[in-house]
Structure formats: structure tokens, C-alpha cells
Amino acid sequence: MMRKSLGVLAATGLLATIAAVPTAAQDSRVVTIPDGEPIKLGMMFVTSGANAALGEDQAIGVEVAKEDRGELLGHEIELVLQDSLCTVEGGALAAQALASDPDIIGVVGPTCSGAVDGGAQIITEAGLTHISGSATSPPLTFADRDARFDGFLRTAWNDAFQGAVVADFVVNDLGLTKVATIHDGSIYAESLVNVFADELEARGGEITLATAVNDGQTDMVQVLTNVAESEPELLYFPIFIDEGGFIVDQVADVAGMEDVVLFSSDGVFSPKFIDAAGPNAEGMYISASNFDLLADTYPAMLERYLEVGNVDQPLATFHGHTYDAANIIFNAVEEVGVVGDDGSLTIDLGLLRSAIFATTDHPGVTGTLSCTESGDCGASIIGIYQVGPETVEDGVFPPQLVK
């Protein structure tokens, strides 16, 4: 997933960040950890603003992985968190902060595809490798992707799959063919909408209107009026919590939207969205991780998640994916780390990257994971949920899984 740039961050700050990027990849960078000192794993998650629940969900997943592992090759694990803001600029700043720490050995994250886009070159050229549990935009793992993504992988699914699943459900399960779409200009939303549109049309469907909202937009009446005038049967808007909440909250104010089915995706899969959307969310559909199809180790991991996070239900959908991302890095450290006679641990980050990309048949809680040369490691496990009164009125989350 990815959110559009805030667009108001001082340009000088971003240029300074980019200027600080090394001019050549440092694949042979070596980190030596003295006896008694911890292994430092970086994290890049959104931890502020309306989408903070998405990042908190993932941070808890990594914390559970850390506690389950205990230590690596005789060293404790220390987590270092940077707020990547779910923006391009935030990804660059968070990446620079982690890349400038000589003791960081790898990174889990970012939460959002835009933050990956902003920080990938910095992470890659620092010799580090990062695995996102949630950045789903297809271009991030294209076979011919730019070299700045050489250090990037993901344990989340690729939205080329999610878009097809949603289109198939709309046409074959709901029996609807006329659809309007809304994106927010982000890599995540625009890519997913485009995949969905292609898949819908391949199944005989029609896009009645393809439109967009702005990051931070609160008044959705005009865009919903435009949607209504196109006479769709369904509105698909795979965006984020705030803007998605405003759309659903205001849909009842627009004539012609009374019978239009609402459908969104993983960027709004959070109790925070239900709170923002209000009672109009009842009946809408959301695509996200199919928790029923995860590995048989997931229920135990979920119990630990609830305990460690001090929460009574999942905050979002990708905690299992970040748990798996952290464990893939931990396994690679155990494979390539060299323990010295003095108790020190030496990790060649180039060898670590190679070991991570060579991951095969990892027994993750989200499935059996193997990584491709372009960084796709995730199992394709999309479920379709429908929001019912128990979720809107009583806060039960996740909503009912319908497929």
C-alpha cells in the first residue's frame, strides 16, 4: 500500500536527504557487533497521523517476532523505529536516518509503497536490505525494476493479484458490471485501480467513471456527485483511512448513491476506518488478508500479537506479513553471521542480501514463502470481507469474511 506525498515538506530538506545518498552501492559493507551488544534491526512504519494504526499493527508483528526469537547468535535484538509517514518524503527521511546508523543490519518496512519509492535508493546504496510486509504496488517488484530497488523485497501480496480477485468477486459473485473508481494519486491506489479496471473489462465489465481525490481532502460531495451521474452499480475506492472515511460518511448526502455498492481494500482495513466512516459503512466490502487461509501457526502468533500489543483485536491486516519479514531477516543473519572467538558477530551485508533473496520455502504464518529475483516473497491470500452491524455498532473486527 502507498499514500501520496504530502507535497508540503520543505524541498530543501528532501534535496538534502537525496544529496546524502552514497554515490555507489556498498554491497560489501560489514557490520561487526561486539560481545554483549545487540543486533539492530530497523523498522520504517507510519506511526503518526490518520494511518498510524497501519504502522502500529506492523510494529507489533515485528516485536512478536523479536520476542519469539529471543536472540540471534548470542546477541539480543534491538528494534529501531522510524516514522515513514506513508509518504515519499517520509520514506526518504526515515531511510536516511536508518542508513546513517552504522550498526543497522537490515530493515522491515516501509508500510506504504510511496515510502518505498522515496527511500529505496538510500537503503539499497547503503548496502542494506529492506522487506516490506505491506507495500503491494506492482511496479516495486517488476522484473525490469530500477536498480534502486535492488535491496527491496516484500512479504505482502502483489496487487496484480488483488485487483484480479476484486474484479472477479464483483462480476461473478455480486453480478455487477458497471463500476466507478476513485484513487488518491498514490502509487498504491492508482496501480490497484488500473489493475482492477483491466480485470473488470476482461470480464465484460465497464468503468463508468475513473476519478480521484486529493490527499487531505475532506469534502467528497462533488466527487460523489460525479460518480452518481455516471450511474455505476458499484464504487471501488482502494485508498486510505481518512479519505475513505469521508467518502463513506458523506455518501448518504448524495442523490443517486443510495443503491451503489461500496468496495475498498487493505488501506482501510482497520477499526479506525470503521470509526471514521460511521454507520454508512454497513454493507460495504473490503479486500484484505484472508485470515482463514493463513498457516496453522497464525492463531498462536495472533494470541501473542494481542498480548504484546495490549489490544483485543487486530489493528489492521499486515501484522503476520511483517512477522514473516522479520523472521526471514533473522534466518539470513543466522546463515551468514560469523561469531568470533571474542564473542563478536560479523555480518557481511552483501551476503545477507543474497541470503534473503535466496529464501525458499520459509514456513511463515502467512504461508510458505519463497522469494523471486525481483523481491516478491508473499503468498497470495486475499479475502473479501463485508461490514455488518456487529462491526459498525459493536466494534467487532475483523468484519465477516464472505469469500
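A salt bridge is here a side-chain nitrogen of Lys or Arg within 4 Å of a carboxyl oxygen of Asp or Glu, and glutamate 63 and lysine 66 meet in one, with an N to O distance of 4.0 Å. The model is predicted, and twelve salt bridges are found in the structure. The points below take up some of these pairs, and then a charged patch and a histidine contact.

**Salt bridges**

- Glutamate 63 and lysine 66 stand three residues apart in helix α2 (residues 52-69), so about one helical turn separates them; glutamate 63 is partly exposed at 23% relative accessibility, and lysine 66 is partly exposed at 22%.
- Lysine 40 pairs with aspartate 101, their closest N and O atoms lying 2.7 Å apart; because lysine 40 belongs to strand β2 and aspartate 101 to the loop between α3 (88-99) and β5 (104-108), the pair ties together parts that are 61 residues apart in sequence.
- Lysine 40 counts as buried at 15% relative accessibility, and aspartate 101 counts as buried at 16%.
- Glutamate 199 bridges to arginine 203, with 2.7 Å between the closest N and O atoms; glutamate 199 is partly exposed at 25% relative accessibility, and arginine 203 is partly exposed at 30%.
- A network of salt bridges links Glu67, Asp68, Arg304 and Glu307.

- Aspartate 35, in the loop between β1 (30-33) and β2 (39-45), counts as exposed because its relative accessibility is 53%.

**Histidine 75**

- Histidine 75 is placed in strand β4 (residues 75-83) and is buried, with a relative accessible area of 2%.
- The side chain of histidine 75 reaches the backbone oxygen of glycine 343 at 3.2 Å.

Conventions:
Residues are numbered from 1 along each chain as its sequence is written. This is a predicted model: local features need pLDDT of at least 70, side-chain atom pairs count only at pLDDT 80 or more; totals for chains, interfaces and linings use all residues. Side-chain values use heavy atoms; hydrogens and water are left out. Helices (H or I, at least four residues) and strands (E, at least two) are DSSP runs, numbered from the N terminus. Buried means under 20% relative accessible area, exposed over 50%, partly exposed in between (1.4 Å probe, protein chains only). A polar contact is a pair of N or O atoms within 3.5 Å; within protein, one must be able to donate a hydrogen and the other to accept it, and residues adjacent in sequence count only if both atoms are side-chain atoms.
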